[in-house]
Amino acid sequence: MKAAVLEQYGPADAFKIKNIDAPSIKSGQILVRNKATSVNPVDTLVRSGMFRLVTGLFGEHVVGSDFCGIVEQSASPLFKEGDEVYGFNRAMKGGAYAELVAVDAREAAIMPSGLSYTEAASLPLVATTACQGLVKFGKLRKGQNILINGCTGGVGSAAVQIAKSYGATVTGVCNGKYAEYARELGADYIIDYKNEYIPKNKQFDLIFDCAGKLTLSDVEESLKKDAMFVTTKGNLGSATGIFKTAVDLVFNPRMKFVVLKPSGTDLSHLRELIEAGKLRHSVHQTFPLERIADAHRMVENESFTGKVVIEIK
Ligand SMILES: NC(=O)c1ccc[n+]([C@@H]2O[C@H](COP(=O)([O-])OP(=O)(O)OC[C@H]3O[C@@H](n4cnc5c(N)ncnc54)[C@H](OP(=O)(O)O)[C@@H]3O)[C@@H](O)[C@H]2O)c1
């Protein structure tokens with residue numbers, strides 16, 4: 001099968017398009033003929049070798065989480081050959097920048113109707129992160145007043161829409177040039193992170209930082225008593241930020257770090273939201289697998305809304 005292969009970790013140019021053996025599947029898994037994947041920020045970190053102690057020191061690596069395509073072999077009662085599925089592998093497992101990807105059947109779902117493979121591949125990892133961040137870790141309840149930091153990014157765009165489907169009032173923090181896009185997603189109030197601060201008036205029931213820029217102690221004065229702070233990353237931009245994030249995580253139960261878990265159940269719930277028109281996709285640009293290096297450079301260096309999707313033909 002064709003795949004974007006890393007023989008060594010490194011810059012975006014490290015990818016080589018090669019023919020390699022297809023993965024084999026074991027009981028409980030499916031083999032998906034993958035039509036599209038997307039580039040998530042974590043893929044660029046895996047590619048750089050940051051997680052090499054987990055992803056492996058030697059040998060070839062196929063990066064990539066999101067997948068969308070057709071079941072080619074099934075060793076699970078959950079899916080049959082020909083089913084159209086979507087989902088994501090854990091970033092440390094990868095495997096999705098390839099024509100065939102092995103997936104645990106419980107971590108996939110039937111893809112949403114009315115979407116192309118390209119559109120559907122833009123959603124699984126970011127929308128599941130948003131869903132688990134808000135509902136599982138943030139305990140979002142109907143009608144709450146919440147703040148979403150990074151509200152026009154991949155995770156943030158999904159988070160705004162999911163929060164609105166819960167009837168939340170959403171303040172979105174984003175780059176001011178995307179304020180109109182944030183309003184279209186459903187944000188009720190916008191804060192331009194380049195020119196404004198998050199108000200310190202203890203009004204929010206939940207703050208979800210999906211830009212990965214904050215820790216609880218940065219925004220505690222904006223939260224109501226006992227309200228939760230959920231982050232996808234923490235404030236890791238400086239030594240002080242790393243220290244504060246570590247202290248908050250260890251000593252303050254109001255701070256939760258999203259530990260993302262692939263879930264067919266969550267993906268099925270997201271499919272319902274998509275089919276009901278409550279969660280829309282946004283594809284910024286598509287690249288063929290052969291141009292994976294350009295796609296990685298775009299995600300690493302450019303500001304945009306929507307996802308960078310890789311089409312596999
Ligand atoms: N823990 C987990 O399991 C998990 C899962 C998924 C993602 N993540 C992490 O979560 C982060 C977001 O992922 P993503 O896919 O949504 O990335 P993304 O699409 O790149 O979105 C990041 C957003 O943050 C905005 N931003 C940058 N600086 C900001 C600031 N100072 N204040 C507010 N917003 C700011 C960016 O706006 P600009 O356009 O101005 O750059 C962009 O819209 C990444 O670090 C990713 O690795 C973690």
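This is a predicted model: local features need pLDDT of at least 70, side-chain atom pairs count only at pLDDT 80 or more; totals for chains, interfaces and linings use all residues.
Trainee: What makes the ligand lie between domain 1 and domain 2?

Mentor: Domain 1 (2-123 + 281-311) and domain 2 (126-257) both contribute residues to the shell around the ligand, and therefore the ligand lies between them.

Trainee: Which residues of that shell are the closest to the ligand?

Mentor: The shell holds 24 residues, and the closest are Gly150, Gly153, Gly154, Ala211 and Leu260. Helix H1 (41-48), helix H4 (124-137) and helix H5 (154-165) are the elements that give two or more residues to the shell. The largest share, three residues, comes from H5.

Trainee: How do the residues of the shell divide by class?

Mentor: Ten are nonpolar, twelve are polar and two are charged. Gly counts as polar, so Gly150, Gly153 and Gly154, which are among the closest residues, fall in the polar class.

Trainee: How do you know that domain 1 and domain 2 are in contact, and how many residues take part?

Mentor: Contact requires C-beta atoms, placed from the backbone, within 7 Å. Seven residues of domain 1 are in contact with nine residues of domain 2. On the side of domain 1 that touches domain 2, two residues are nonpolar, four are polar and one is charged. The centres of the two domains, taken over C-alpha atoms, are separated by 27 Å.

Trainee: What makes E2 and E4 edge strands?

Mentor: Three strands form an open sheet in the order E2-E1-E4, with antiparallel pairing. Strand E2 (15-19) and strand E4 (61-62) each pair on one side only, and these are the edge strands.

Trainee: How many bridges join E1 and E4?

Mentor: Strand E1 (residues 2-6) and E4 pair in the antiparallel sense over two bridges. The requirement is at least two, so E1 and E4 count as a pair. In this pair Val5 stands opposite Val62 in E4.

Terms used:
Residues are numbered from 1 along each chain as its sequence is written. A residue is near a molecule or strand if its C-beta atom, placed from the backbone, lies within 6 Å of it. Helices (H or I, at least four residues) and strands (E, at least two) are DSSP runs, numbered from the N terminus. Domain bounds come from an automatic or database domain assignment. Two residues are in contact if their C-beta atoms, placed from the backbone, lie within 7 Å.
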